[in-house]
Amino acid sequence: MLKNLFRKREYVTVSSRALDDNDNLPNIPDGKWINCPKCKNILYKEDLERNYKVCIGCGHHFNISAKNRIDQIFDENSFVELFKDVETRNPLNFEGYEEKLELNQVKSGLKEAVITGTGEINSLKVAATIMDSNFMMGSMGCAVGEKITRLVEYATENRLPLIIFTASGGARMQEGIFSLMQMAKTSLAISRHDKAGLLYISVITHPTTGGVTASFAMEGDIIISEPNAVIGFAGRRVIENTINEKLPEDFQSAEFALEKGFIDSIIKRRDSKNYLYKVLRLHGVSENAK
Ligand SMILES: [Zn+2]
C-alpha cells in the first residue's frame with residue numbers, strides 16, 4: 001500500500017564495517033579526558049592541569065600556553081606585560097598571511113607568538129619572554145623579534161636578569177629574510193645585556209628548532225630544558241638526506257643535548273620555579289634589585 005512508503009522504521013541498519021572500525025575505541029566523552037601521546041593512558045584533564053600538564057603515568061610534558069606558564073612560574077599577579085601592542089604586518093605581501101594571523105589570534109587569544117614583560121619569582125624581579133607554540137608554531141617573525149629585543153633592552157636599562165622560555169618552529173617563512181634578520185637583532189641585544197654583566201637564563205621547551213635554536217635559545221649563561229623537548233636546527237629527515245646517514249634515535253632530544261654539553265640541565269616543570277629562584281639567588285639577585 002502507498003502509506004507503507006511513509007511508515008517509520010522501528011530500527012536502523014548499521015553497516016558491520018562501521019561497527020568493526022569503532023569496536024576497539026573507548027567511549028571518551030568530549031572535553032573531559034585526553035590521551036597521553038607517549039604512554040597512551042587516558043588522563044582526566046583536571047588531574048592533568050593540577051599536575052602542571054605533566055602525565056601522571058609517564059611524566060610526558062604536554063605543551064602549555066604562555067599564559068599557563070606565567071601562572072606556574074611567577075608570583076600571583078606579579079607579571080606585568082610590556083610591548084603588547086607590537087604587531088606583525090605583511091612585509092612580503094605573502095598571500096593569505098593576514099587571514100592566517102587573524103585565525104591564530106582568535107585560536108590562541110594572543111596577538112603574537114610571544115608574551116614579554118616583567119614578573120617576580122618568589123619576590124625576585126626578572127624580565128621574561130614566554131613563547132607560545134599555539135600561535136603559528138611559535139614561529140619568529142618581525143613582531144616576535146621586535147618584542148624580544150625591546151624586552152632585552154628594557155632588562156639591560158633596568159639592570160634586570162632575563163629569562164626566555166622558548167617554544168618555536170623557527171623563523172616564520174611568511175616573512176622570509178625579515179624573519180632571519182631577527183636572529184641577529186635579538187642576539188645583539190642579548191650580547192649588550194651580557195656585557196652589562198647581567199644574567200640570562202634560557203629555558204627550552206618542546207619544540208625549539210630552527211632560527212630560535214640558532215640564536216637566543218642557545219645564548220643563555222645558563223641553558224636548561226624540560227624533559228624530552230625536541231631541540232634542533234634543521235629537521236631530522238633533512239639532515240639524514242643531506243649526510244646520507246641514519247641519526248641516533250634520541251638525536252635532537254633534550255637528553256641528547258645534555259649528554260653532548262649543549263645544555264646545562266634538564267628540569268621537570270614542577271621544579272622549574274624553584275630552580276630558577278635558586279639560580280637567581282646564586283647570582284646575587286636580591287629582592288632589593290627591583
Ligand atoms: Zn603518559
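A residue counts as buried when its relative accessible area is under 20%. With that in hand, here are some close-ups of this predicted model.

**View 1. His193, a buried residue in helix α6.** Helix α6 spans residues 176-195, and His193 is part of it. Its relative accessible area is 1%, so His193 falls under the 20% limit and is buried. Look for the polar atom of the His193 side chain that sits 2.9 Å from the backbone oxygen of Leu160. Beyond its neighbours within four places in sequence, His193 also touches other residues, including Val152, Thr156, Pro161 and Tyr200.

**View 2. An open sheet of seven strands.**

**View 3. Strands β7 and β8 side by side in parallel.** Here β7 (residues 200-208) and β8 (residues 222-225) are joined by four bridges. One to pick out pairs Ser202 with Ile223 of β8.

**View 4. The largest nonpolar core, with 57 residues.** Phe74, Ile201, Phe216 and Leu276 have the most contacts inside this core. Strand β5 supplies its largest share, six residues. Apart from this core lies another, of five residues, with Cys36, Leu43, Leu48 and Cys55 among them.

Note on methods. Residues numbered from 1 in each chain as written. Predicted model: local features only at pLDDT ≥ 70, side-chain atom pairs only at ≥ 80, totals over all residues. Heavy atoms only, no water. Helix = DSSP H or I, 4+ residues; strand = E, 2+ residues; numbered from the N terminus. Buried < 20%, exposed > 50% of the residue type's maximum accessible area, 1.4 Å probe, protein only. Polar contact = N/O pair within 3.5 Å; in protein donor to acceptor, adjacent residues only side chain to side chain. Contact = heavy atoms within 4.5 Å. Pairing = 2+ DSSP bridges. Core = buried A, V, L, I, M, F, W, Y, C linked by side-chain atoms within 4.5 Å.
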